[in-house]
Amino acid sequence: MMTYKDYGYALVVVLFLGVGWEISAQIVNKPFILPSPSGIAMKVWELRSLLILEHLPPTLTVILISLFLSTIFGVGLAIMMYLYKTVEKALYPLMITSQTIPIIALAPIFVLWFGYSLWSKAAVAVLFTFFPITVNTFDGLRTSRKESRELLLTMGATQKDIFFKLDVPSALPQFFSGLKVAVPLSVIGAAIGEWLGAQAGLGYFSRRMMTQFDGAGIFAPIVILSLVGIVIFSIVVWMEKRILIWRKEI
Amino acid sequence: MRGAALEFQKVSFGYGEEQLLDNLSFRVQKGEFISILGASGSGKTTLFRLITGLEEPGRGGIAIHGQMHANRFGEVGYMPQQDLLLPWRTIRENGRIPLEIQGTAKKEADAKVDSLLKTFGLAGCGGMYPRELSGGMRQRVSFLRATLSGSNVLLLDEPFSALDAMTKLHMQEWLLQRWEEERQTVLFITHDVSEALFLSDRIMVLGEKPITQLEDVPIPIGRPRKRRDLATKEMVCLQEQLLERFHVDAK
């Protein structure tokens, strides 16, 4: 368990960096290139209703949809690869290859397919997030022990019994690791998706500010994006702790 | 005659080229406590894999309570060397796995496990997780689980080998006491001669491969037993003989 003391160290580093940044920004004194943290904070406050009411909802929708889709798709694929060797052989190399493609370069294709709708952004984000979920879940399924499987067999267990009583619980910790990696990736994916074309969204807003040379305006939505990532991550950690209560240290 | 709980009828078995069992026949009566003694790699575990149904004999048949089953899964209770408790399940949930598999309703299964916890020295542990229990207690949960699966033929595969010496002695006495109350048929794999002498009605010794017969060694002391019964001259001689055998085999 992390205690306030553990967070304390990180806080000191953040403060240290923040102060350093603030001082350098004051010295450089070109806020359109290097906005100061205080300038960014003021910008967030100034734009709060615009950012949160207008640009957060579409981005959050893309993030949540992409996490949902890649969980369904990733877990489904992992299960298929685990149950059928042929599927594993056919799809595993393909899946690895999909990760060697620069997704940012591929994103315009999605715009061609799905237009400037929510789905083109979700597709980009899913391409980022399904991989860690699939690989972790697949590896998790494979951690179930042969000895336990045989023991269940001697009790008369069916393949279904073994899958639900042994394989699935064995895979859960790994699945959560994958999901935790996927959360920040979904935020990145959504922002990149919006860069390519959107009418609203935090990524879109950030990019629009770039054309206006508004340094603080670029960072303001990024702060919100980062907070969104932290909140969703914390929710996943909370779920993980509740579901994997048996792992808790005594 | 009490009838056979387990019978091997001319069983032959091997992995690939290597022949392990050749035309092997033996019987275990209902309510007997049998130890199977043999050096490492002598085929003890293979015998258990055949009985549980994890392996099928090449030739011959295996009857449990006089019946040949096409599929022996679920017919005997198997207690493996490691406890293999599922860490995400509480003790109660671990104990009820065989009942779940048999299709018993959860509530009923829980009630059944709860009624046994005290007898197995696990009172108050139902809601705990395996990591919270000591090695000896985990083995008791494993034993409880085995007694709930299948008929009352129990296969115990070196269940105490991973325990420390004191816990091991304690668990042997506890097992003997449990058996004297329930009189289930027990097959107990071990390579510990004094453990086999203390627990069993007779010892079956595995010889060289391929195994064509099991050497039967009856234990000449009655029941209930105390550990000091092992100190009689007769028992000490028997122990010497058995140890000598394994010494020779090991060469």
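A salt bridge is a side-chain nitrogen of Lys or Arg within 4 Å of a carboxyl oxygen of Asp or Glu. Two salt bridges are found across the interface of chain B and chain A. Over all chains the count is 30 salt bridges.

Confidence was examined for the model as a whole and for chain B. The model scores ipTM 0.89 and pTM 0.86. The average pLDDT of chain B is 88, and 97% of its residues reach at least 70. Among the elements of chain B, helix α2 (residues 91-95) has the highest mean pLDDT, at 94. Helix α8 (residues 233-250) of chain B has the lowest, at 80. Where pLDDT is low, predicted coordinates should not be read in detail.

The interface was described next. The size of an interface is often given as the accessible area lost when the parts come together. Between chain B and chain A, about 2,000 Å² is buried. Carbon and sulfur atoms give 67% of that area. On the chain B side, the residues that lose the most area to chain A are B:Trp88, B:Ile101 and B:Arg131. Together they account for 33% of what that side buries. The contact takes 24 residues from chain B and 22 residues from chain A.

Chain A is helical in its assigned elements. Chain A has 10 helices and zero strands. Its pattern along the sequence is accordingly α-α-α-α-α-α-α-α-α-α. The C-alpha trace of chain A spans about 75 × 50 × 30 Å along its principal axes. Of the 250 residues in chain A, 43% are buried. Among the contacts in chain A with a separation of 6 or more, 74% are between residues 24 or more positions apart. The accessible surface of chain A is about 14,000 Å². Carbon and sulfur atoms hold 73% of this surface.

Part of the surface of chain A forms a nonpolar patch of about 900 Å². The patch is made by A:Phe68, A:Leu69, A:Ile72, A:Ile109, A:Leu112, A:Trp113, A:Phe114 and A:Trp119. Helices α3 (48-83) and α5 (103-114) of chain A are the elements that give two or more residues to the patch. The largest share, four residues, comes from α5(A). A:Trp119 lies in helix α6 (residues 118-142) of chain A. A:Trp119 has a relative accessible area of 46% and is therefore partly exposed, as patch residues need over 30%.

Two salt bridges within chain A were examined in their helices. A:Glu88 pairs with A:Lys85 in a salt bridge, with the closest N and O atoms 3.0 Å apart. Both residues belong to helix α4 (residues 85-100) of chain A. They are three residues apart, so about one helical turn separates them. A:Glu88 is buried, at 14% relative accessibility, because the limit for buried is under 20%. A:Lys85 is exposed, with a relative accessible area of 53%.

Helix α6 of chain A holds the second pair, A:Arg142 and A:Asp139. Their side chains meet in a salt bridge at 3.1 Å, N to O. These residues are also three residues apart, so about one helical turn lies between them. A:Arg142 is partly exposed, at 45% relative accessibility. A:Asp139 is partly exposed too, with a relative accessible area of 26%.

The side chains of B:Arg138 and B:Asp83 meet at 2.9 Å, N to O. B:Arg138 lies in helix α5 (residues 135-148) of chain B, whereas B:Asp83 is in the loop between β6 (77-79) and α2 of chain B. The pair therefore ties together parts that are 55 residues apart in sequence. B:Arg138 counts as partly exposed, at 22% relative accessibility. B:Asp83 counts as buried, at 12%.

Notes:
Residues are numbered from 1 along each chain as its sequence is written. Chains are lettered from A and ligands numbered from 1 in the order in which they are written. Side-chain values use heavy atoms; hydrogens and water are left out. pLDDT is the predictor's confidence in each residue, from 0 to 100. Patches are made of residues with over 30% relative accessible area and no salt bridge: like charges are joined within 9 Å, nonpolar side chains (Val, Leu, Ile, Met, Phe, Trp, Tyr) within 5 Å. Accessible areas come from the Shrake-Rupley method with a 1.4 Å probe; for residues, only the protein chains shown count as cover. Buried means under 20% relative accessible area, exposed over 50%, partly exposed in between (1.4 Å probe, protein chains only). Contact means heavy atoms within 4.5 Å. Buried area is the accessible area (1.4 Å probe) that two parts lose on being put together, summed over both.
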